[in-house]
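Student: I would like to learn how to read salt bridges and disulfides in a model. Could we work through some cases?

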Amino acid sequence: MDPEKTHLRHYQIRVRPEALSGCSSGEYQVKGQRYENVTLESQEPTVRTCTIICVMQIPSPCYAFNYRETDRSCQLILNGMSRLVGADGFQSYVQSEKIHKYPECRLTEKGREYAGRVSATESGRNCLNWRDYPYGRPEDFSDVLITDDKSIDYGIPLGREFIYDFQTFYDHDEVSRRDLSYEAHFRNRDSKTHLNYCRNPSGRERPWCFVSDPKIQWEYCDIPMCTDPVPPECKVTQFGSEYTGRKDTTIAGDPCLPWRNLENIENLLPAFPDPDRVDAHHNFCRNPRTPYHENLYEVNAAPWCIFKNASDIISWGFCDIPSCAPTSLGDSAGTGVYPECRLSQSGKEYAGSENKTESGKPCLPWENNEAGLAWDFYPQSEFAHFYFLVQFTEEERNTKHNHCRNPGVHRERPWCFVADNETKWEYCDIPFCRDRNPPECKLSESGLEYVGKRNVTISGFLCLPWLSLFKEDEIPLTHFSDEVDGKHAFCRSPQNRLKEYYGPWCYINFDGDGEFCDVPYCPTDDRLECDVRVGGHCISESFRSRSFFWPSDGNFTIGRLKRLDACCFPGPLECKTDATGRSYVGTKNSTRKGHKCLPWVSRSALQQRYAIWDLSYKNEDYEGENYRFVMDDLHPRHNFCRNPIGDENGPWCFKTDGLGRDYCDIPLCT
């Protein structure tokens with residue numbers, strides 16, 4: 001038998017004009033239209049060949065495909081959410097048998113793991129938002145002990161039904177309280193992240209939601225069973241709380257213990273995606289996110305498990321659960337040019353200048369925080385406002401910018417706050433980039449927007465996976481511009497109190513030591529590399545004739561230096577204006593004795609800094625501040641002679657050949 005005919009008998013393909021949400025009988029041919037959200041495209045000799053490629057897709061056939069005879073274009077659609085658009089010469093085809101792929105279906109009868117976006121019931125009623133508590137806590141929501149830590153002061157005695165939420169301290173429009181026992185039944189232990197989508201937080205027969213009719217209160221949703229019931233070995237959300245796969249080792253290779261080894265397992269079960277399966281042998285990686293102040297589990301950025309360490313003590317570690325590949329990144333061809341476009345679906349890396357929403361509303365400045373702290377920021381603690389602000393680059397904070405960004409965890413694409421008391425925020429219309437390969441350079445000094453693939457530091461150390469040392473109370477998950485999974489070991493710039501200024505970095509050992517990576521600035525508009533910058537602005541030879549500005553009061557604070565206008569700095573003059581040379585911003589990078597200069601932000605240079613600083617700067621609170629007295633921006637390649645401490649002998653640098661520093665021969669300007 002012809003193998004091509006075998007496949008075509010099993011997977012009938014027909015042309016149809018409807019969207020992919022349903023099927024009808026009969027056979028149609030739609031000319032001049034095609035389905036959008038193309039995932040794969042190739043050139044194939046016939047429509048028959050394109051059909052075979054469609055049905056041979058792994059793990060399941062494509063939803064539909066488009067074919068055009070003139071250029072033999074074969075376009076596969078792997079995303080079930082698609083629609084027909086005009087396209088000359090195309091014919092569109094769709095599977096006659098509808099295929100249900102996770103997460104837009106349920107893997108089990110109860111569907112506790114369902115993570116799709118259906119928000120209407122089987123009778124067509126719209127679902128209400130879970131966080132609105134429309135009818136209080138349902139009777140089938142069990143009382144869950146929130147924490148065993150009796151030392152925590154929440155403002156009211158433990159055991160009450162409601163506990164103050166740290167987040168509301170920063171919410172200017174509402175003083176809300178959260179029913180944490182209610183919240184504990186949802187994945188992530190946070191009902192707001194589920195919006196008004198159908199879910200099954202209490203273990204009813206199948207997914208359901210609240211409805212506006214008080215006589216009915218709730219209804220089931222029509223969520224189909226998945227065509228392939230095998231759970232995917234990947235996570236579809238950043239936290240991975242929906243993951244029901246069978247991974248049973250940590251990133252470090254430690255075998256997971258059964259969850260029943262935990263004394264308080266009953267309090268964690270409501271947040272499991274498969275609580276009915278947690279028996280004496282269940283040791284698979286899961287993420288029942290627990291409150292921020294839980295004794296043992298204060299960090300839950302991804303699926304994890306418990307294990308016994310070398311001291312035979314129960315500990316925990318993250319598991320290597322990769323992110324599921326996106327089914328689509330929009331249409332096959334983007335229209336934008338970086339940075340005025342997004343490289344990913346969420347666009348967390350977007351660093352462009354758009355400052356109005358898709359409906360045309362002007363964006364409010366982020367720093368004003370007029371709509372209250374964003375609900376999808378983590379950690380939600382007393383430091384939440386600090387973590388919110390440092391998500392933006394220093395240049396953005398100093399200019400009080402209002403550009404579209406996506407600084408949370410759960411929102412679909414870039415957005416901003418708006419002056420509307422009802423909506424408070426809206427999405428922005430940011431196009432995809434024509435070239436979706438991330439650039440191997442940074443736009444800002446901190447490089448928060450960098451999502452390239454560099455995984456080696458300045459000194460050649462190989463980066464460790466972030467989750468192997470991740471602590472959310474030190475590095476919030478929201479500070480990554482892409483999703484973090486078990487294999488993510490690329491240089492990034494998550495801000496914290498120790499590594500805040502000089503660009504992307506990574507961990508280099510399990511003691512928590514890090515080093516910066518050699519991620520250069522992106523070329524200027526004229527495509528020239530620029531080694532000397534101030535406030536992100538390139539300082540070129542064209543500024544030689546301009547006057548030099550220096551604050552007369554000597555107050556060289558971080559914010560003030562970065563607000564100085566780049567036009568007021570001279571070009572990289574290869575001379576000093578006074579004996580100390582504090583204002584020198586030239587490119588000399590060798591000492592008077594011939595030693596090559598070490599990059600200022602290399603690990604060795606950073607380790608030597610306290611040996612020469614004045615005693616008043618030895619306190620750890622000043623770490624990183626001292627180099628800010630350098631007039632120009634530091635970056636990984638910056639190894640130019642400078643005088644950050646005002647040494648009377650003039651500019652100097654650390655030596656590459658051995659420890660210590662040496663002075664540079666910088667002449668006085670004439």
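Student: Is R603 buried, partly exposed or exposed?

Tutor: This is a predicted model, and the label comes from relative accessible area. R603 has 22% and is partly exposed, because buried requires under 20%. Its salt-bridge partner is D513, with the closest N and O atoms 3.2 Å apart. D513 sits in the loop between β15 and β16, while R603 belongs to helix α8, 90 residues away. D513 is partly exposed too, at 29%.

Student: What is the general idea behind such a pair?

Tutor: Side chains of opposite charge can pair when their charged atoms come close.

Student: How many salt bridges does the structure hold?

Tutor: The count is 22. One of them joins R204 and D140, whose closest N and O atoms are 2.7 Å apart. R204 is in the loop between α3 and β9, D140 in the loop between β6 and β7, and 64 residues separate them. R204 counts as buried at 12% relative accessibility, whereas D140 is partly exposed at 33%.

Student: Where does the pair R642 and D632 lie?

Tutor: Both residues are in the loop between α8 and β19, 10 residues apart. R642 is buried, with a relative accessible area of 2%, and D632 is buried at 4%.

Student: Is the link of C575 and C669 left-handed or right-handed?

Tutor: Right-handed, with 90° about the S-S bond. The S to S distance is 2.0 Å. C575 is in the loop between α7 and α8 and C669 in the segment after β20, so the pair ties together parts that are 94 residues apart in sequence. C575 is buried at 19% relative accessible area, and C669 counts as partly exposed at 31%.

Conventions
Residues numbered from 1 in each chain as written. Predicted model: local features only at pLDDT ≥ 70, side-chain atom pairs only at ≥ 80, totals over all residues. Heavy atoms only, no water. Salt bridge = Lys/Arg side-chain N within 4 Å of Asp/Glu carboxyl O. Helix = DSSP H or I, 4+ residues; strand = E, 2+ residues; numbered from the N terminus. Buried < 20%, exposed > 50% of the residue type's maximum accessible area, 1.4 Å probe, protein only. Disulfide = S-S within 2.5 Å.
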